[in-house]
Amino acid sequence: MIKLNWIKVWMMGAWLFTTTTAFAAVTEWQIVPGQSELTFTAIQNGAPVNGKFKTFTGEIYFDPDQLDQGRVKIIVNMASVTTSYSEVADTLVTSDWFDTKLFPQAVFAADSFTKTGDKTYQAKGNLTIRNKTVPIIVTFTEEEYSATKARMKGGTTIKRNAFGVGQGEWASTSEVKDDVQGNLILSAIKK
């Protein structure tokens, strides 16, 4: 009986060591802010409205050869929003839209990656905006990948009403459509 317990303990220790070692081997990346972008396009009165979040950070662990060990967490400063029309950006930070005083950050977190083609992938995760969390899939393409540098480009479409973005009269999709296209360019260096 004692021998069996020691075998179980040894096997559990070996499993933990192997799991920890495999996870540690996945490359950690640091975002290069000046070469990275987080943009969006919404449709208002039939015309596109383009915007950008100037400030975001992230924790990225990614290796195309170890997709099962990858994970990412992108944190967006919602008050850093800009658009081609300053009045639109001023409106987006208000309580009817992003409500940046109450919800200063949006977070995308994923730990499920799938290869979908040559240098193309999907990241399945959750996006949280205004304290509402919705599962989303981000598709992205590897534009550059080496031992020290990486560049990915991708995007997704979200439904703004699922996050409560656009309250009151703005909840209607007659003026501002529900679909919002988000696009991401991530340039990173090995950490």
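Biologist: What percentage of the residues of the chain count as buried?

Modeller: Bear in mind that this is a predicted model. Of the 191 residues of the chain, 35% count as buried.

Biologist: How many helices and strands does the chain have?

Modeller: There are 2 helices and 11 strands, and reading along the sequence gives the pattern α-β-β-β-β-β-β-α-β-β-β-β-β. As for contacts, if we take those between residues at least 6 apart in sequence, 58% of them join residues at least 24 apart.

Biologist: Let's look at some strands. How many bridges join β9 to β10?

Modeller: Strand β9, residues 132–145, is joined to β10 by 6 bridges, and the two run antiparallel. They form a hairpin with 3 residues between them, and within this pairing Phe140 stands opposite Gly154 in β10.

Biologist: How many bridges join β10 to β11?

Modeller: That pair is joined by 11 bridges, and β10 and β11 also run antiparallel. One of the residues involved is Arg151, whose bridge partner in β11 is Ser187.

Biologist: Staying with Arg151, which residue does it form a salt bridge with?

Modeller: Arg151 forms a salt bridge with Glu143, and the closest N and O atoms are 3.2 Å apart. Arg151 counts as partly exposed at 27% relative accessibility, and Glu143 is likewise partly exposed, at 44%.

Biologist: How many salt bridges are there by this rule?

Modeller: The count comes to 4 salt bridges. Among them is the one between Lys191 and Glu28, whose side chains meet at 3.5 Å, N to O. Lys191 lies in the segment after β11 (179–190) and Glu28 in strand β1 (residues 28–31), so this pair ties together parts that are 163 residues apart in sequence.

Biologist: Are those two side chains buried or exposed?

Modeller: Lys191 counts as exposed, at 60% relative accessibility, whereas Glu28 is partly exposed, with a relative accessible area of 27%.

Biologist: Which residue does Lys159 meet in a salt bridge?

Modeller: The side chain of Lys159 meets that of Asp179 in a salt bridge, at 2.6 Å from N to O. Because Lys159 lies in strand β10 (residues 149–159) and Asp179 in strand β11, the pair ties together parts that are 20 residues apart in sequence. Lys159 is partly exposed, with a relative accessible area of 44%, and Asp179 also counts as partly exposed, at 37% relative accessibility.

Biologist: Switching to the backbone, what is the phi of Asn45?

Modeller: Phi of Asn45 is near 50 degrees, which is a positive value in a residue other than glycine. Asn45 lies in the loop between β2 (37–44) and β3 (47–53), and it is exposed, with a relative accessible area of 55%.

Biologist: What about the phi of Lys119, and where does that residue lie?

Modeller: For Lys119, phi is near 65 degrees, again a positive value in a residue other than glycine. Lys119 lies in the loop between β7 (105–117) and β8 (120–129), and it is partly exposed, with a relative accessible area of 41%.

Methods:
Residues are numbered from 1 along each chain as its sequence is written. This is a predicted model: local features need pLDDT of at least 70, side-chain atom pairs count only at pLDDT 80 or more; totals for chains, interfaces and linings use all residues. Side-chain values use heavy atoms; hydrogens and water are left out. Helices (H or I, at least four residues) and strands (E, at least two) are DSSP runs, numbered from the N terminus. Buried means under 20% relative accessible area, exposed over 50%, partly exposed in between (1.4 Å probe, protein chains only). Contact means heavy atoms within 4.5 Å. Two strands pair if DSSP finds at least two bridges between them.
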